[in-house]
Amino acid sequence: MPLIPQAVVSKYDLAIEQRHTEGNIEVWTDGKGRRYAAKRSSIAPDHCRTMAQCLRHAQEQGFTKFARFVTTSSKAPYVRHGDFTYYVTEWVSGQPANFGLPEHVAQTAYTLAQFHEATRSFRTDWKPDEAADDVFGLFQARWRDLRQMCFRADRKREKDAFDQLLLSMRDELHRDASESLALFEDRDVIAYLEAERSSGGWCHLDVIPSNCLYTAQHQVVLIDFELARPAPRVLDMAHLLRRSLERGNWNGHLAYACFLHFDAVRTIPKSEYRAVEAILRFPYLPWRVAHARYHFGAEPSQLDALQQYALQAEKRQAFLASMRQQVERLGE
């Protein structure tokens, strides 16, 4: 059964000759060999409309490294059919970025920074179900959740290997989370986050390799903006950093590539570096895998991920200590 109903396909003025499914999208090819990505989504129509408006605004500001929306015959950016919202974008030829390579990290950082910069003047009445601009509140909630999950693991009569490993790391996790929140309460960091909150810039917020396509032109093009919303750019910066550093065993060259290319678009102030440290200091991976395990069910990959985190602990702490020293020297 096709992922996209024919009633949706017929809304577009596209001479589609071939259709096949790749993951969660349907690839359309027309008679001239042009390809399109069609997606079925659970997002609301006003969310999809705002997403398209945001990208159109970014394009008007000169940002072009994204998959463009294809509108229907009535010029709508989506089709609502049944319980789903369907939308189509132009196909982007490229490979998922390799976050272990400095060049790919650099180009991803540059594109993310350009997107945030191009959307600073975009305004909308749309209100996301989950806002991302209250960064301190977000990490406070995660810290409470992590404590509760450690308590839950401790109360289990028969502890499995995941429970035992999580509890063996508990003191370190609590210390890192506490230090993270203390950094967020720094006066300069608070002022930076408030200023960013007022700026209106948007973050992608789903910075994974498959959403950051490295092209033959040695650029990174972004796709899938469903999680994008107004937020301090430090979120995209830190998410890219964390994923690349975990992949590269906390190699500082990856961080340098990221910082250099964000800084090329807009200078990174000392307060933003501190906010990055606050996010990186938080034990995100243990929180994420524990949250998934205790709320949605156990999977073998969760233990593998936690073990990998434990193996990288020494290098992670060394990187964070070095970063703090370098940030403190800024402006001297």
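The model is a predicted one, so local features are taken only where pLDDT is at least 70 and side-chain atom pairs only at pLDDT 80 or more, while totals for chains, interfaces and linings use all residues. Residues are numbered from 1 along each chain as its sequence is written, and side-chain values use heavy atoms, with hydrogens and water left out.

Start with the helices. Helix α4, residues 135-155, packs against helix α5, residues 161-168, at an angle of about 125°, and their axes are 9 Å apart. Each axis is a line fitted to C-alpha atoms, for helices over the stretch in contact, and the angle between N-to-C directions can run from 0 to 180 degrees. That angle makes α4 oblique to α5; angles under 35 degrees would count as roughly parallel, over 145 as roughly antiparallel and 65 to 115 as roughly perpendicular, with the rest called oblique. The crossing of α4 past α5 is left-handed, meaning that the near helix is turned anticlockwise from the far one by less than a right angle (clockwise would be right-handed).

Who does the touching? On the α4 side the contact is made by M149, C150, A153 and D154, and on the α5 side by D163, L166 and L167. Contact means heavy atoms within 4.5 Å. Sorted by class, this contact has 5 nonpolar, no polar and 2 charged residues. In that sorting, Ala, Val, Leu, Ile, Met, Phe, Trp, Tyr, Cys and Pro are nonpolar, Asp, Glu, Lys and Arg are charged, and the others, Gly among them, are polar.

Next, the cysteines. The structure holds 0 disulfides, a disulfide being a pair of cysteine sulfur atoms within 2.5 Å. For C54, the nearest cysteine sulfur belongs to C203 and is 11 Å away. C54 is buried at 2% relative accessibility, where buried means under 20% relative accessible area, exposed over 50% and partly exposed in between (1.4 Å probe, protein chains only). C258 is in no disulfide either, and its nearest cysteine sulfur, that of C212, is 11 Å away. C258 is buried too, with a relative accessible area of 0%.

H47 and E226 make a handy pair to look at together. H47 sits in helix α2, residues 45-60, and is buried at a relative accessible area of 10%. Setting aside residues up to four places away in sequence, H47 touches W126, E226 and R229. E226, for its part, lies in the loop between β10 (220-222) and β11 (229-230) and counts as buried at 13% relative accessibility. Beyond its neighbours within four places in sequence, E226 contacts K39, S41, I43, H47, M51 and Y87. The C-alpha atoms of E226 and D206 are separated by 8.3 Å, although the two residues are 20 apart along the chain.

Finally, the backbone. Most residues other than glycine have a negative phi. K75 is not a glycine, yet has a positive phi of about 70°. K75 lies in the loop between β4 (69-70) and β5 (79-81) and is exposed, with a relative accessible area of 66%. N249, also not a glycine, has a positive phi of about 55°. N249 is found in the loop between α8 (234-247) and α9 (252-265), and is partly exposed at 31% relative accessible area.

Conventions:
Helix = DSSP H or I, 4+ residues; strand = E, 2+ residues; numbered from the N terminus.
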